[in-house]
Amino acid sequence: MRFAPSGHVGGGWNPREQHIAPAFGLLTHLLERHREQRGGGDLALGRLSFDIHGVLPMEAFEVELDVVRPGRTIELVEARIMHGGRTAVVLRAWWLARTDSAALAGTPQSPLPPPEALPPWDFGSVWPGGFVRSVRTRRREQAPGQCVFWVDTDVALLKGETVSPTARLMGLVDIANGATPRVSPERALFPNLDLTAHLLRAPVGAWVGFDTSVSFGPGGVGLTHSWIHDREGVVGVVSQCLTVRPVLGA
């Protein structure tokens, strides 16, 4: 399968490279479509773990997909983005059998204030690229490295196709790492090497909410961690491992 980016995919660190968020959404969509075409049972996505092997230029790329561990109640699937003969992104996702656990459902996490309760915020005030300009954002920052925010977009993840709410969400969540920088991008680079999402349920509605914190360790490793919400409550968590690189002379 071969795909090409639109101008809405330009990255925040370098607009000539793809923001990885839409690629995550695309891989999720293809994984869901693959299972539907195989006529699998009623399984839910429990974990999606993406490893970023390298940058993607604003050029066409290929996608490969394999079932690593087939099963009727638990299944592991791997999808890969390839560009120029090299691997750029790898997704490993666990499908889990659905059971009725509604009587046990709950979380100690507090709900977020609704989008309307937060002021608008422009990602483009901090970051370049087409992707951040394709979203609407409402944000309240408690301090650099800690905020709650909501994002929405009118831009389709894949032209000419309808995608699930889960794929749409996964096409947005990587934006968390730039929502509340601990320091200005002029002082340090802090791209993420991966993203892992654990989902309690499929999301509903258009707005995706984040309760995000960013931490830097003393040895060049950082972590962006987000509780993910929709208007009905907690959907899951997303974590991103960062490589923190101070800018010399900044």
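Ring pairs link Trp13, Trp127, Phe190 and Phe216 into a cluster, where rings of Phe, Tyr and Trp (its six-membered ring) pair if their centres lie within 6.5 Å. The count by this rule comes to 9 aromatic pairs. This is a predicted model, in which local features need pLDDT of at least 70 and side-chain atom pairs count only at pLDDT 80 or more, while totals for chains, interfaces and linings use all residues. Residues are numbered from 1 along each chain as its sequence is written, and side-chain values use heavy atoms, with hydrogens and water left out.

**Edge-to-face pair**
- The rings of Trp13 and Phe190 have centres 5.1 Å apart and planes at 85 degrees, so the pair is edge-to-face (planes over 60 degrees apart; under 30 is stacked and the rest tilted).
- Trp13 is partly exposed at 36% relative accessible area, whereas Phe190, at 1%, counts as buried (buried is under 20%, exposed over 50% and partly exposed in between, with a 1.4 Å probe and protein chains only).

**Stacked pair**
- The rings of Phe149 and Phe210 have centres 4.2 Å apart and planes at 5 degrees, so this pair is stacked.
- Phe149 lies in strand β7 (residues 146-153) and Phe210 in strand β10 (residues 208-216), so that the pair links distant parts of the chain, 61 residues apart (strands are DSSP runs of E, at least two residues, numbered from the N terminus).
- Phe149 is buried, with a relative accessible area of 0%, and Phe210 is likewise buried at 0%.

Definitions and conventions
Helices (H or I, at least four residues) and strands (E, at least two) are DSSP runs, numbered from the N terminus.
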